[in-house]
Amino acid sequence: MCIRRLLHPSSLHWAWRTTVLKGTWRRQQGTHCWKRSGGSTYRAVIFDMGGVLIPSPGTVAAGWEVQNHIPSGTILKALTKDGENGPWMRFMRGEMTTEGFLEEFERLCSEIAKTSVPVDSFFSLLTSEQVAKQFPVMTQAISQIRAKGLQTAVLSNNFCLSNGKSFLPLDRKQFDVVVESCLEGVCKPDPGIYQLCLERLGLQPSESIFLDDLGSNLKAAASLGIHTIKVEDPETAVKELESLLGFPLHVGVPNTHPVRKSMEIPKDALEKYLKDLLGTGATGPLELLQFDHGQSNPTYFIRLADHQLVLRKKPPGALLPSAHAIEREFRIMKALGNAGVPVPTVLDLCEDSSIIGTPFYLMEYCPGIIYKDPSLPGLEPSWRQAVYTAMNQVLCKIHSVDLQAVGLDNYGKQGDYFPRQVRTWTKQYRAAETSTIPAMERLIQWLPLHLPQQQRTTVVHGDFRLDNLLFHPEKAEVLAVLDWELSTLGDPFADVAYSCLAHYLPSSFPMLRGFRDQDVTKLGIPTAEEYFRMYCLNMGIPPIENWNFYMAFSFFRVAAILQGVYKRSLTGQASSAMAKESGKLTWFMSDLAWDFAVKEGFHVFKEMPATKPLIRSLHTRAGPQSFLNPTGVRSYSSAAEASYEAKGGLIISPEGLSPRVRELYDRLRHFMEQHVYPVEPELQRHQTSVERWSPSPLIEDLKEKAKAEGLWNLFLPLETDPEKKYGAGLTNLEYAHLCEVMGMSLYASEVFNCSAPDTGNMELLVRYGTEEQKACWLVPLLEGKIRSCFAMTEPQVASSDASNIEASITEEGGSYVLNGHKWWISGILDPRCKLCVFMGKTDPQGPRHRQQSILLVPMDTPGIKVIRPLTVYGLDDAPGGHGEVRFEHVHVPKENIVLGPGHGFEIAQGRLGPGRIHHCMRLIGYSERALALMKTRVKSRVAFGKPLVEHGTILADIAQSRVDIDQARLLVLKAAHLMDVAGNKAAALEIAMIKMVAPSMAYRVIDRAIQAFGAAGLSSDYPLAHFFAWARALRFADGPDEVHQQTVAKIELKTPARLQESAAPRL
């Protein structure tokens, strides 16, 4: 299926059945392919390296960023930062060591991305044998050029590795001259380096052709008189080079290679079968090649005598149910061919596995052009328009086939297409599942609830996209529709949506180029809206409204297919060498699918009629972006609550929660009123008694009650625990409402096993722990049998920057040895604290954010010395406290390291996850209770002859507190909502804002309440003083205000102003 082409870099050729008729390509690509008048003779071809002979750093970076969840374009921005004086260009000129470059480049990338960027990982990938392989089409072209007596050269902006040698993963014997910037001290586009290359070749500029992927380098070469070719795709560039040189550079069948050993088939048995099928005229040796692509159903080229065929077979081994049904491919193509639909001519279906090991079918090899890049580079806008029009028309032709007339009325079940498809692809995904992917879990729940009503039943191709169409080389005419593996009977709009995938994918996406970030009007390509309307007009049907569902399902299905490919790659069954990369792409595609689900949730809600009076509970929905305008900016709309089933909503009051969560919320409130508030005085007395360093029996009793009522481990977000294996399966937004209730008492969080630092440590173990680590530590933490602490902060350094920590972790035999001085280690004095999650440096000389590691340290390990408990405004927060601790020669088994050495900073960031906003949620609860106490107080106290409530200053304070609380709550809920629908990184701005706003807001609200209470507000008779102390402390605990202010300001400065206006004064 066409999904196999998702797994190859855009620089590779994706068409597996393409040939170009001699003399026709120049007509198609006339703007690029021209030969100098006067018949000038070329004597040398000069090649750039990155982007021409091997993948470019930009291409590698795009894929790496997707796989490592780094903001798109980060590496490219850093590469071009400061131009000639930037670190990349200085590195290219040999002015920096590898170590110096990586350190400076990592700092630059991290500043651009606003997060830690492990540049050494990118650099390792860029220089790895896996990536830095010469494109076969270029190797073949160079061989042909040299065979004709022409010289070849490499002219590259290149760098030296740490061993002092230049990075040149090429066979130098292919080239007469190699010129590298790092050895010459000068980079392209400086004219001097071109002249140096020409001198060594002994040629004039007009006698050479230069290939590069960057316009600035080509412009400099052209100014010297060198003929240039811009390389956007190696295959296309080679064809242009062929036109200039006047001789072929391709040898054999395009896009094929010798059959891989794991995909070999018995040639003798196949040859006998073919001769029986084709007749006595089929004599001569059998030539068998494998197409570059086709990890789903392996595909082969066959030449026997004058016959050129294509063979498609099932892959070997155990297969997923109903997948790889080549029998269906054969049947549908044969039937549609008879109905006038352009398809390859099929010859025979062989279901006898004894011949080549699996069933297969044969079809004629079909020459033509497959447009692999959906933006159609090199074509005129009018030609692009014609190509997409032809694509649309042939889809209408497929959907207009009379099923009964062609014998396809039983090709699939009629009706209920999407319910069956959702079940099928969910089942396929489950069969191939290798780990939990949160977006897929959400989609599996969401899709069945939003199924469209099917209007028509037609043949559905199932994989209809531009690069599954074979075009005539001289006109915009579809010669054949390929890849029918997923075809069935169903809803035709599924094909229409699927054919628009490229409209929603960026051009930088490494495995499949889209054109979301390009101006389709200038390109001449119909917008998705125009394409959709064209289809409806051609079919004579009205447009649909629920487009986003179709797009969500399309990307969900792609994600399920990619997961199947990845699973087969683990067993060696997938036929593409790149198939193992598909596992990372499943995450990317499922996130895209969920984005469309969120948009459809908004659309459904917007269209829903009001069936009851408006109530105060409002939903705010991210979006809405037009379903056909993917490049819109984020905006927000509010509408009254109509149905909790309108997914993706920002629920700003408990009334909007789903019945399950609302019932949980009500039970929590009832538990607080019946069990927690009444015992607060006793808990407060215990906390100031001599027994305070022992846990209160009351707390332990309340924990058992909470557990019995199902109010336990509510904090783990659905994204982290989609199977609800460990917690209640709440979203961040849902938990925010419950967390506010818990925040109304200082003791409640522990009662429900939702208190820090245990919550962060449990989430760390869920996300990163091994099964052994989970069994040892996670289970007892979840059961509330033990408690834990997190040791990061150090007195000697500013620990708000985790990269500053100095504690050491060294290897000694079969263990790690820890040494360090830590403080403000919350919970470490609690006798129930059995686990310390320790952060220290394993590699002080490594990249800045790869120096740290995290280990799980049993608290009974010798060498852990608690120096003293620290106090917050005189409060020691017993029994957990906040300890100052020394770790002296603490030996820990190596298996206690989390995720391996060098991942400490990454884990520390991930540990915060939703925990980043739990404190803010609780602060809303602090503030609500403070305001409630204040209102009660001022109604019952009299001063200066009248109740306090009648004094204007008191009224102003109450009003201001209500406004402050509601503003902060909205911002906290917005952040939680964005974390759910867009991810923690996308919500970075909102998270930073609430950390600025919530503690300061609570500090002010509580201060007003204390003022209204008078001296009583300072006492322990009320929770206000304790609330006040922690509100102030949290301006440090989650990072100082200044750090969050800096984050917000930097993001704001990068955000385009809504009104572009000159700063000059108006005259």
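**View 1. A salt bridge joins the side chains of K372 and D233, with 3.2 Å from N to O.** In this predicted model, K372 is placed in the loop between β11 (360-364) and α14 (381-399) and D233 in the loop between β5 (227-230) and α11 (234-245), so the pair ties together parts that are 139 residues apart in sequence. Both K372 and D233 are buried. Counted over the structure by the same rule, salt bridges come to 52.

**View 2. R312 and D483 meet through their side chains in a salt bridge of 3.0 Å, N to O.** Because R312 belongs to strand β9 (residues 307-313) while D483 sits in the loop between β14 (478-481) and β15 (488-490), the pair ties together parts that are 171 residues apart in sequence. R312 has a relative accessibility of 0% and therefore counts as buried, and D483, at 2% relative accessibility, counts as buried too.

**View 3. The side chains of R1008 and D964 form a salt bridge, again with 3.0 Å from N to O.** R1008 is part of helix α32 (residues 988-1013) and D964 is part of helix α31 (residues 952-982), so this pair ties together parts that are 44 residues apart in sequence. With a relative accessibility of 13%, R1008 counts as buried, and D964 is buried with a relative accessible area of 6%.

**View 4. Helix α27, which spans residues 758-768, is mostly covered.** Of the 11 residues in α27, 10 are buried, among them D758, G760, M762, L765 and Y768. D758 also takes part in a network of salt bridges, in which it is linked with E700, K703, E750, R787, D830 and R832.

**View 5. Six strands make an open sheet with antiparallel pairing, in the order β6-β7-β8-β9-β11-β10.** The edges are held by β6 (256-257) and β10 (346-350), each of which has a single partner strand, so one side of each is left without a neighbour in the sheet. The partner of β6 is strand β7 (residues 286-291), and the two pair in the antiparallel sense over 2 bridges, with T256 standing opposite F291 in β7. Helix α13 (residues 326-338) packs on the sheet and touches β9, β10 and β11, its direction making about 150° with that of β10.

View 6. W88 lies in helix α4 (residues 87-92) and F101 in helix α5 (residues 98-113), so the pair ties together parts that are 13 residues apart in sequence. W88 is buried, with a relative accessible area of 12%, and F101 counts as buried at 1% relative accessibility.

**View 7. F418 and Y550 form an edge-to-face pair, because their ring centres are 5.3 Å apart and their planes stand at 75°.** This pair links distant parts of the chain, with F418 in helix α15 (residues 417-432) and Y550 in helix α20 (residues 547-570), 132 residues apart. F418 is buried, with a relative accessible area of 2%, and Y550 is likewise buried, with a relative accessible area of 2%. Both rings belong to a cluster linked by ring pairs, which also includes Y417, W446, F493 and F532.

**View 8. Residues 1-39 form a stretch over which pLDDT stays under 50.** The model has 151 contacts beyond four places in sequence for residues 1-39. Over residues 602-647 the pLDDT is also below 50, and that stretch has 90 contacts beyond near neighbours in sequence. Where pLDDT is low, the predicted coordinates should not be read in detail. For the chain, the mean pLDDT is 83, and 86% of the residues reach 70 or more.

Methods. Residues numbered from 1 in each chain as written. Predicted model: local features only at pLDDT ≥ 70, side-chain atom pairs only at ≥ 80, totals over all residues. Heavy atoms only, no water. Buried < 20%, exposed > 50% of the residue type's maximum accessible area, 1.4 Å probe, protein only. Helix = DSSP H or I, 4+ residues; strand = E, 2+ residues; numbered from the N terminus. pLDDT = per-residue confidence, 0-100. Contact = heavy atoms within 4.5 Å. Salt bridge = Lys/Arg side-chain N within 4 Å of Asp/Glu carboxyl O. Pairing = 2+ DSSP bridges. Axes fitted to C-alpha atoms, helices over the stretch in contact; angles between N-to-C directions. Phe/Tyr/Trp six-rings, centres within 6.5 Å; stacked < 30°, edge-to-face > 60°.
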